[in-house]
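Thanks for making the time this morning.

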Amino acid sequence: MRSKLTMFILVAAVAGVLAGWIAHEMAPDAAATADVAGYFSVLADIFLRLIKMIIAPLVFSTVVAGIAGTGDAKAVGRIGVKALGWFITASVVSLLLGMFFANLFQPGANLNMPLPDAGTATNLKTGGLSLKEFIVHVFPKSFFEAMATNEILQILVFSLFFGFALTALGDKRAVTIEKFIDELAHAMLKLTEYVMYAAPLGVFGAVAAAITTQGIGVLATYGKFIGTFYVSLVVLWGVLIAAGFVFLGGRV
């Protein structure tokens, strides 16, 4: 089924290129292309919303089910610390590699997109960004707020505490909750599979919208961007696998 889905995604990408090229050539002016592209992008927006919809419950259920399944409170503590450390370290490494390759290859340099005015407000609270703020932000003040806003790191922290609490209660007190979360994890994995069926439509909409707005020539720029992305991804995998091999050996 995965091979068929991959084939459908590739077909959808090609179809998106053709549809976008036809729309771009037939549109009388830039306003018309933007209008048509807006309708194409609906498919991509829906797919991205579906992805965001499943992230929080998927992370919560799989992490808690995995921790509760160990049955050892001490092991849970060690796993929790290691998981949090790995998550933060991998995120920092990923960000650093992303910035390095973005500055090295500059994949968006040829998009010819207009830059905002120097005085344009970004609404980004960069002034308050500090190590202290980051550390405090990691710990959620409300689990439901973290779930609603897809704060993955906060969800992970709560999941670790919750999984540890379930394990500490033992087998007799939390059987129903553990069973429910385990079943929830399986349900979320199945839901993820269903959401991925919509990937071809999302790819078609995204590609068609981009080609409609910027023309067929933008394929070279996007090709460079995708190539840079995969090069960066391979390097990231290499670094993470090497780090895992140092600590896990052949089990990595």
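At which residue does α2 bend, and by about how many degrees? The bend is at Phe40 and comes to about 30 degrees, where the bend at a residue is the angle between axes fitted to the seven residues ending there and the seven starting there.

Before going further, some caveats. This is a predicted model, in which local features need pLDDT of at least 70 and side-chain atom pairs count only at pLDDT 80 or more, while totals for chains, interfaces and linings use all residues. Residues are numbered from 1 along each chain as its sequence is written, and side-chain values use heavy atoms, with hydrogens and water left out.

Helices here are DSSP runs (H or I, at least four residues), numbered from the N terminus.

Next, the salt bridge, defined as a side-chain nitrogen of Lys or Arg within 4 Å of a carboxyl oxygen of Asp or Glu. By that rule the count comes to 1: Lys190 pairs with Glu193, their closest N and O atoms being 3.3 Å apart. Both residues lie in helix α7 (residues 175-196), 3 residues apart, about one turn of the helix. An α-helix has 3.6 residues a turn, so residues three or four places apart point the same way.

As for accessibility, buried means under 20% relative accessible area, exposed over 50%, and partly exposed in between, with a 1.4 Å probe and protein chains only. Lys190, at 38%, is therefore partly exposed, and Glu193, at 34%, is partly exposed as well.

Pro107, in the loop between α3 (73-105) and α4 (131-138), is buried, because its relative accessible area is 13%. Pro107 is 117 residues from Lys224 in sequence, yet their C-alpha atoms are 6.1 Å apart in space.

Finally, Asn150 lies in the loop between α5 (143-148) and α6 (152-169). Its phi is near 55 degrees, a positive value in a residue other than glycine.

How values were computed
Helix = DSSP H or I, 4+ residues; strand = E, 2+ residues; numbered from the N terminus.
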